[in-house]
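Here is my note on this structure, written as numbered points. Please keep the model open as you read.

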Amino acid sequence: MAYQTYRVQPGDSLSKIAQKFGLSSWQDLYNLNKSIVGANPNLIYSGQVLNIPGTEATPTTTVSAPTPVPTQQPTAQSIAEQYTKALQEQANKIAAIPTFQQALPFEKAWQGMIPQATSAAASQIDPELMRNYRGQYLDYMTGMASSGGGRFGRGLAGVGDLKAATERSRNAQLQDWLSQYQQGYRSLFYDPAREAWDTSRTQGKAPDQGLTKIPTWEDLYTKYQNVYGVGETPSPLYG
């Protein structure tokens with residue numbers, strides 16, 4: 001153990017040295033340096049080097065720097081696993097959301113539109129159809145009257161044939177109009193809603209549930225009233 005030292009000067013005594021260093025007793029100084037002074041504490045010599053009690057040097061504690069933890073560099077495999085996991089989570093989220101076609105098949109959506117579409121088509125077809133029918137009926141009955149009596153029974157049968165032909169024409173025109181309405185409904189409402197839904201779905205977002213609402217005929221007519229007409233018109237021939 002290292003102590004502060006003092007070299008004895010001529011005229012020194014243990015008492016003087018102890019007083020010089022503020023020691024409480026010369027005996028502490030003697031006990032620490034007994035091997036140097038010898039058996040007689042009153043006999044010290046100039047040049048002797050004495051250790052001073054209470055001046056022990058406190059050992060310096062060396063604090064070691066923490067051993068650095070090597071940084072693990074990402075490998076190609078770890079990067080691939082990270083992105084694969086993210087993609088899988090995205091795929092699972094997307095799979096939980098139905099496609100628009102699954103949520104609302106086009107056939108089901110169009111089925112709800114057929115009654116209004118049929119009425120609208122009839123309101124466009126029937127006025128002209130009835131004008132033609134009345135003209136043909138008048139011509140037919142005039143012809144029957146001019147041909148002489150005795151043919152009234154056959155005349156009624158001819159009127160039935162004329163009605164049946166007019167109704168067949170009406171049905172064919174209705175189907176043609178409904179086909180056009182169906183195409184318009186798909187392009188104006190169904191396909192835009194489907195594209196918006198599926199785009200949102202591929203981003204893993206829950207689409208707006210309002211997209212499943214079936215637009216009414218009024219929605220279509222209000223937006224395109226210059227193209228389509230509406231009305232409640234039963235068959236004028238067999239109503």
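Is Phe21 buried, exposed or partly exposed? Phe21 is partly exposed, with a relative accessible area of 27%. Buried means under 20% relative accessible area, exposed over 50%, and partly exposed in between (1.4 Å probe, protein chains only).

1. **Ground rules.** This is a predicted model: local features need pLDDT of at least 70, side-chain atom pairs count only at pLDDT 80 or more, and totals for chains, interfaces and linings use all residues. Residues are numbered from 1 along each chain as its sequence is written, and side-chain values use heavy atoms, with hydrogens and water left out.

2. **Aromatic pairs.** The structure holds 10 aromatic pairs. Rings of Phe, Tyr and Trp (its six-membered ring) pair if their centres lie within 6.5 Å; planes under 30 degrees apart count as stacked, over 60 as edge-to-face and the rest as tilted. Tyr6 and Phe21 form an edge-to-face pair, 5.7 Å centre to centre with 75° between the planes. Tyr6 lies in strand β1 (residues 5-7) and Phe21 in the loop between α1 (14-20) and α2, so the pair ties together parts that are 15 residues apart in sequence. Helices (H or I, at least four residues) and strands (E, at least two) are DSSP runs, numbered from the N terminus. Tyr6 is buried, at 12% relative accessible area.

3. **A pair within one helix.** Trp177 and Tyr181 also pair edge-to-face, at 5.9 Å centre to centre and 65° between the planes. They are four residues apart in helix α8, about one helical turn. Trp177 is partly exposed at 24%, whereas Tyr181 is buried at 1%.

4. **A ring cluster.** Ring pairs link Phe100, Phe106, Trp110, Tyr185, Phe189, Tyr190 and Trp197 into a cluster.

5. The largest nonpolar core has 21 residues. A nonpolar core is a set of buried Ala, Val, Leu, Ile, Met, Phe, Trp, Tyr and Cys residues joined through side-chain atoms within 4.5 Å. Phe100, Trp110, Tyr181, Tyr185 and Tyr190 have the most contacts inside this core. Helices α6 (106-111), α7 and α8 (152-202) each supply at least two of its residues. Helix α8 gives the most, with eight. A second, separate core of 10 residues includes Tyr6, Val8, Val37 and Leu50.

6. **Helix α7.** This helix (residues 114-146) has 33 residues. From first C-alpha to last, α7 reaches 45 Å, close to the 48 Å expected at 1.5 Å a residue. That expected span is 1.5 Å times one less than the number of residues. A kink of about 35° lies at Ile125, shortly before the proline Pro127. The bend at a residue is the angle between axes fitted to the seven residues ending there and the seven starting there.

7. **Salt bridges.** How many salt bridges are there? The count comes to five. A salt bridge is a side-chain nitrogen of Lys or Arg within 4 Å of a carboxyl oxygen of Asp or Glu. Asp126 and Arg170 form one, at 2.7 Å, N to O. Asp126 lies in helix α7 and Arg170 in helix α8, so the pair ties together parts that are 44 residues apart in sequence. Both residues are buried. Glu167 and Arg170 meet in another, at 4.0 Å.
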